[in-house]
Amino acid sequence: MAIGNPAAPKILPEHASLSMPFTDWAFVRLDENGQPHPKLALAWQTTDRRTWTLTLPPNIHTHDGQLLTTERLRASLLEHARRNTQFQIWRELQSIQAPTPTTLVLQFAQPSSVVLEALSRVPQQMEAPALSAGPFRLVNETATRLDLAAFRDFWKGPPRLAGIRYDLYPSARAAWAAFLRHDADYLVDPPPDVLTSLAQDPGIHVHHFNPWQFYLLNFQVAHPALADVRVRQALNLAIDRKALVQRLFADYAQQPEYTRLTTAPFAPGYWAAQDAAPAWPYDPAAARALLATARKGHHEPLELHCIVVGQVQVLSDIGAALEAQLERVHVRLRLEALPVAEYMQRVFSGDFELALSPMTMGYGGALWPYAVWRSRDDHPLLGSGYTATDAALDALYYATTPEAERQAAQEVVKTMRRNPPAAFLMPKPMVTASHAEWLIETSPVSTHDFADQWALKGFTPCAAP
Amino acid sequence: MRRALIRTLARTWRARRSLTVQFAGAIVGLAFLPMAVFGWVALQSIAHASRETAAQAYVTIATATATSLATYVEEAARNLVVLADGLSAESPIDHALDARLRHFIIDYPPFRRITLLGPEHRVLATSELVGPPATLTPRPAAWRLGNVTLTSVASDDALLPTVELIVPITSDTPATVIADLNLEHLWRTVHTLDLPSEAQAILVDESGRALAHSNPAHEAEVARGLDLHAHPLLRPGAGRATTYTTDDGTEWLAIAAPLPRLHWTLLIEQPTRAIDRPAVIARQQLTFVLIVTLAVTALVLVLVGRTLTAPLQTLTQATHALAQGERAIAVPVPAHRELANLARAFNNLVDRLVTLEATVRRQEREAVIGQVSAGLLHDLAHPIRNIVNNARLLMKLPAAACRDCLQIIEREYATIDELFDNLKEFARAATPLRSQPVLPHHVLHDLARRLQHDAEARGVTLRAAVDGAPLAPIMSDPAALRRILRNITVNAIEASQATQGTVTLTAEDTGESRELVTFTVSDTGPGLSADQLDKLFDAFRSTKRKGLGLGLATAKRLVEQIGGTLTVSSTVGEGTRCVIAVPRFKAAGS
């Protein structure tokens, strides 16, 4: 099977981010509501959310032919924790024990609500040593192509597909055109304006997945102009999100999941944050009034520098649209497209005023919001800069009961509505298409489950209907 | 072959035609043919009208769509001209124009990318955020739309068709605006056309390259650069409508609508089979209705016809039975008045016939009794008178003289005894016969010997001409054969007595395979008239003074019983000749 994929931002070295769902197998998976389900870990147990016992299947082989022992997993997890200290959870990992060949016991410094969410993302190929044990193994990699071969010793049985070829195209239009020419069997992220025509084609299946990413305009709250909460509120009020969705996502905008506007960094389906606060209304007059109050004495337009990941057409389009919308409230956006590596470096160092990018929230709760918006004493340029938000994030992070988690999530939404660290724009559409001769059994799942389906039961080659 | 078949069918039809079939056929023909003719004419009209209607509809759709598409391009061009005019008013051109170009695209989505070129194709501003090239060379101009130049359609980096719109601007710094027009919008418009089944719309550029296709299944071909320059409506001098056939044998009705002021063409076409489908469906429906109507009508007519002809068939069968002698016949009287009258007349006829036959049988019986009585009265009167007279005489005569009288009485008694023998012989003629070998010559010799004395007493010469080789035996009843020849020979001798003539008996083989033996009895008596000849074999009819007239009648009946024939020829004054032809072997079952 050939997958046509628009070139993604190279956040990870090479194209590992694309192949990871197929090559690696996390401990658990989260469904669209953030609820955990077994994956590599057959079961887990905790009494205090501090000590977690994972039960693993026996005789798991990694792609190098070795047995995936608990000792190897322990070493990998420790390495993962060492490399990912931006996540609080790994900083608080105290010990890992392997009392039996199929049991791992993780001990954290404090109880946490994000352990399973964190375990849904490891082991991963970028860790050393690599513990890839997924249904496919990466056999070839070039700038425009990835070749994955079926891993016959996959612990849940050999995949039905002999292999997967990932073709990377310069744009969504190019990937779509290749798909129409049958150069690709499967299309990821078709251009928004072709969705209807694809859906009308009886020879093509269109698959919708629940969004697990969204676009946001991140504010550097330490910037003098953005330190004033009224400016950040004004920016949120000046953005016409519905027009943005309609203009940029055209046919996607007809799907309800893409029109759900959000005011906090949670996936739309996250159970604990449902109906916490109303979305930002589009009110340019109020925005202008707030800006006038905040910038009393300044008559020139507010000029803000916005970095954006380059070579992604949709981000350029969003940037241009924001540029036009903010101009109506006398905010001049100076867009700067950056290579992804430079963009990431600037964001993680806090060296930006505004940063426009997609953001992966997954289906979980506090893991990513805490990593991004919890203010850190050791890095004053990162975080929300708002103590109430920090407190709410702490409460969410260390929640020991579901009710505590729900109350904390609601509080995070409210504080971020009150003192916004970013403008959360819209969910990132997650749509794929396949030619009719490829059958996929779909369900609303994350990309990890997407790979599950491909590997275990989906995408069975069949005759065209 | 076909003619032979038709002839056979016609013969069968003629042979088997009946009143019912003719009646049903006539009614069905009268009802069915006008309906079929009307239906056929109506279908032709529907088929013709379908194509005309489809063509007119497609002309309307194509013209409206072409105008819409042209308006789309023209509006894009006008907007670009407005942008260019705005840019020309600004001087100097600087980098801040990037945002303006981006905002223009936000407001006018048809443009994917707009670039402002300065002298030597140097890029002054661009809507692109990333990687604007230092220079950009426009594609060759293809045609103009007012102040806007359009390039030929080309494939972009995604291998999709794009066209560039170029507008020169005049300012202190000569510049040109180049905009990539989003052609996907065109095929989205073409996609959304409400076309009937199997119809398709294709937008082609001036070179015949397909830009858009209404059928999503053909998008791949469009993406590959589907070339339609050989389409019949895209050839120089081609009309606006035509029908043509593709290599796969599909006939298409095609309509072309040029985009006003542009050099592109919108084609709308549909397989004629799809256009004709309503007529085909109507034809199928009409055929179905006709067949059902025909079948129902025929069935009803056959049932009605059978109701009408059933009494006739009954009457026919009764007539056959009547002819075969059946008399206990009475046909049922049907409800229909005419047929009831016919049935009653037949039943009356049968009743009358039975009555008449009974009367005839009674009269015949009475006639026979009368004949027998008269014959017996005639033949017995004289002997009995003689016996009575001689008996009276005996009483008066002396005993010696009684001898003659007694002889007369004895002779008369013999006469009466012979009469009774003849009656018994006539009655016995109906008894079954035997079959055994019989020698013909031996029969004749024996007969001649037995009758020689009687013939001589009558002065008649009796000859049995049996010279030559004896004939082979035949299979017959010897007693019957002897009785036949005896009766005929005795009759001949008696007939020849007056002329003292000769009676000759012969026997010979005859027939093509000598399968017959023919006995001939000829005399030289006075002969018979034609009237006498006709009644020769009638029983109880005789020209002689003595006898009941049963001899020849008995002979005739016996000849028929042994399977032979008896023919008589006679000439008055010359004599009579009887020929008895007997089969050598009687046919089985006779």
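## Ground rules

Because this is a predicted model, local features need pLDDT of at least 70 and side-chain atom pairs count only at pLDDT 80 or more, while totals for chains, interfaces and linings use all residues. Residues are numbered from 1 along each chain as its sequence is written, chains are lettered from A and ligands numbered from 1 in the order in which they are written, and side-chain values use heavy atoms, with hydrogens and water left out.

## The two chains in outline

Let us start with chain A. Its secondary structure comes to 16 helices and 20 strands; here helices (H or I, at least four residues) and strands (E, at least two) are DSSP runs, numbered from the N terminus. Chain A has 465 residues, and 57% of them are buried, where buried means under 20% relative accessible area, exposed over 50%, and partly exposed in between, with a 1.4 Å probe and protein chains only. The chain exposes about 17,900 Å², of which carbon and sulfur atoms supply 52%. Such areas come from the Shrake-Rupley method with a 1.4 Å probe, and for residues only the protein chains shown count as cover. A contact means heavy atoms within 4.5 Å; among the contacts in chain A between residues at least 6 apart in sequence, 72% join residues at least 24 apart.

Now for chain B, with its 13 helices and 19 strands. Of its 590 residues, 40% are buried. Chain B exposes about 32,300 Å², with 58% supplied by carbon and sulfur atoms. Among its contacts between residues at least 6 apart in sequence, 60% join residues at least 24 apart.

## A helix pair in chain A

Look for helix α9 (residues 241-249) and helix α11 (residues 313-327) of chain A: their axes come within 11 Å and cross at roughly 140°. That makes α9(A) oblique to α11(A). Axes are lines fitted to C-alpha atoms, for helices over the stretch in contact, and angles run from 0 to 180 degrees between N-to-C directions. Angles under 35 degrees count as roughly parallel, over 145 as roughly antiparallel, 65 to 115 as roughly perpendicular and the rest as oblique.

The crossing of α9(A) and α11(A) is right-handed. On the α9(A) side, the contact is made by Ala243(A), Leu244(A), Leu248(A) and Phe249(A); the residues from α11(A) include Val314(A), Ile318(A) and Leu322(A). The residues of this contact divide into eight nonpolar, one polar and one charged. Here Ala, Val, Leu, Ile, Met, Phe, Trp, Tyr, Cys and Pro count as nonpolar, Asp, Glu, Lys and Arg as charged, and the others, Gly among them, as polar. As for handedness, a crossing is left-handed if the near helix is turned anticlockwise from the far one by less than a right angle, and right-handed if clockwise.

Glu405(A) sits in helix α15 (residues 402-418) of chain A. With 8% relative accessibility, Glu405(A) counts as buried. Leaving aside neighbours within four places in sequence, Glu405(A) is in contact with residues including Arg49(A), Ser113(A), Tyr270(A) and Trp271(A).

Arg49(A) lies in the loop between β4 (43-45) and β5 (51-55) of chain A, and it counts as buried at 17% relative accessibility. Most residues other than glycine have a negative phi. Arg49(A), although not a glycine, has a positive phi of about 60°. His330(A) is not a glycine either, and its phi is positive at about 65°. His330(A) is found in the loop between α11 and β15 (331-338) of chain A and is exposed, with a relative accessible area of 51%.

## Helices of chain B

Helix α3 (residues 97-107) of chain B is mostly covered, with eight of its 11 residues buried. Among them are Leu97(B), Arg102(B), His103(B) and Phe104(B).

Elsewhere in chain B, the axes of helix α11 (residues 478-496) and α13(B) come within 9 Å and cross at roughly 145°. This crossing is left-handed. Its contact residues divide into seven nonpolar, four polar and one charged. Val559(B) is found in helix α13 (residues 551-561) of chain B and counts as buried at 1% relative accessibility. Val559(B) and Ile484(B) are 75 residues apart in sequence, yet their C-alpha atoms are 7.1 Å apart in space. Setting aside neighbours within four places in sequence, Val559(B) is in contact with Ile484(B), Gly564(B), Thr565(B), Leu566(B) and Ile580(B).
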